[in-house]
Amino acid sequence: YQRRVHGALREEFNLEFVGPFEELAGGLGSLADADYLVHRRFYYDPPELLTLVKRAGDDAHWGYWRDDPKDAPCFVACSQDSGKCGLKHAGNTLFATVDRLLQGKQGAAALLKSLRAAAAGAGVSLRKADVDRPYKERQKRVNGPTFNGLGVVVPVDTENDVGYREIGWGVRELKGVMRKMHKQKAEGRPVDGAEVEKILGNVDLADDEGDPGMGSSGINAEYMGSSGINAEYMGSSGINAEYMGLSARSLTWSS
């Protein structure tokens, strides 16, 4: 199984099926629980992203995105630049993603024909409108922006108007705050964390008032790559995930 699936596209197309495919091949049995939860998670990946395909030789990867661990995947997201946190929509199913990846590749015609036949047999549409629909529907539910470009979706009680409130900082402003802290640390100066402390205080207040979704904006701190910022903000994100009933997400934040 491992030879046929995990490495099926590696030799000709430089792509590997990983994550769940490695588990099905029996290759993850030796991993500790904490490592199992983050296996194939790349540096900027949030818990919502489960890697399924990676490009051999670099950090480009594609995987299913779930806003809630209990839900079916919303879409496939991809990262093709290991030095940046940006993520993009890459299809609604693995069928659609691999179809896109193989289009225009020399020697892929027969494989594409087989893939499309298998998708049709499984009732999976590869029409662009169908492939893009789940992502477009999700965009209508996005509560706030994130550095990765996908935004955050959290449970909201619309009848009582509780669950999420805006963090009060735009993406550009928040990046500026964190870049300043990075620079101070890199230059060996005392790091002024007053503005981040203010944000964390607002998150605590939001928790107390029934808006735990605000803390999920802590995902932005992870993307700045600062261990000092991450420690405080990620702890907050794990707690907020529990408040929102996303216990599995909380576990992966902690890991």
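1. **How to read the model.** The structure is a predicted model, in which local features need pLDDT of at least 70 and side-chain atom pairs count only at pLDDT 80 or more, while totals for chains, interfaces and linings use all residues. Residues are numbered from 1 along each chain as its sequence is written, and side-chain values use heavy atoms, with hydrogens and water left out.

2. **The chain as a whole.** The protein chain has 12 helices and 5 strands, where helices (H or I, at least four residues) and strands (E, at least two) are DSSP runs numbered from the N terminus. Of its 255 residues, 45% are buried; here buried means under 20% relative accessible area, exposed means over 50%, and partly exposed lies in between, with a 1.4 Å probe and protein chains only. The accessible surface comes to about 13,400 Å², and 50% of it belongs to carbon and sulfur atoms, the areas coming from the Shrake-Rupley method with a 1.4 Å probe, with only the protein chains shown counting as cover for residues. Among contacts (heavy atoms within 4.5 Å) with a separation of 6 or more, 50% join residues 24 or more positions apart.

3. The 5 strands of an open sheet follow the order 1-2-3-4-5 with antiparallel pairing, and two strands pair if DSSP finds at least two bridges between them. Strand 1 (15–17) and strand 5 (88–89) stand at the edges with a single partner strand each, so one side of each is left without a neighbour in the sheet. Strands of a sheet pair through backbone hydrogen bonds, either parallel or antiparallel.

4. **Strand 4 and its partners.** Strand 3 and strand 4 run antiparallel and are joined by 5 bridges, with Tyr-64 standing opposite Val-76 in strand 4. Strand 4 (residues 75–79) also pairs with strand 5 in the antiparallel sense, over 2 bridges; in this pairing Ala-77 stands opposite His-89, and Cys-78 stands opposite Lys-88.

5. **The cores.** A nonpolar core is a set of buried Ala, Val, Leu, Ile, Met, Phe, Trp, Tyr and Cys residues joined through side-chain atoms within 4.5 Å. The largest one has 21 residues, and those with the most contacts inside it are Leu-15, Phe-17, Val-53, Trp-62, Leu-94 and Val-98. At least two residues of this core come from each of strand 1, strand 2 (49–55), strand 3 (61–65), strand 4, helix 5 (94–102) and helix 6 (109–121), and helix 5 gives the largest share, 4 residues. Apart from this core lies another, of 10 residues, among them Phe-147, Met-178, Ile-199 and Met-214. Leaving aside residues up to four places away in sequence, Leu-15 touches several others, including Leu-9, Val-53, Trp-62 and Leu-101.

6. **Helix 8.** Helix 8 (residues 171–186) has 16 residues and reaches 22 Å from its first C-alpha to its last, close to the 22 Å expected at 1.5 Å a residue, where the expected span is 1.5 Å times one less than the number of residues. Its buried residues are Leu-174, Val-177, Met-178, Met-181 and Gln-184. Seen down the axis of helix 8, these fall within an arc of 115 degrees, so they line one face of the helix; the arc is that of the directions from the helix axis to the C-beta atoms. On the other side, Arg-172, Arg-179, Lys-183 and Ala-186 are exposed. Just after helix 8, Gly-188 takes a positive phi of about 75 degrees.

7. **Loop residues to look at.** Most residues other than glycine have a negative phi, and most peptide bonds are trans. Asn-14, which is not a glycine, has a positive phi of about 65 degrees; Asn-14 sits in the loop between helix 2 (10–13) and strand 1 and, at 35% relative accessibility, counts as partly exposed. Arg-40 is likewise not a glycine and has a positive phi of about 65 degrees, and its place is in the loop between helix 4 (33–37) and strand 2. Asp-59 lies in the loop between strand 2 and strand 3, and its C-alpha is 7.9 Å from that of Ser-79, although the two are 20 residues apart in sequence.
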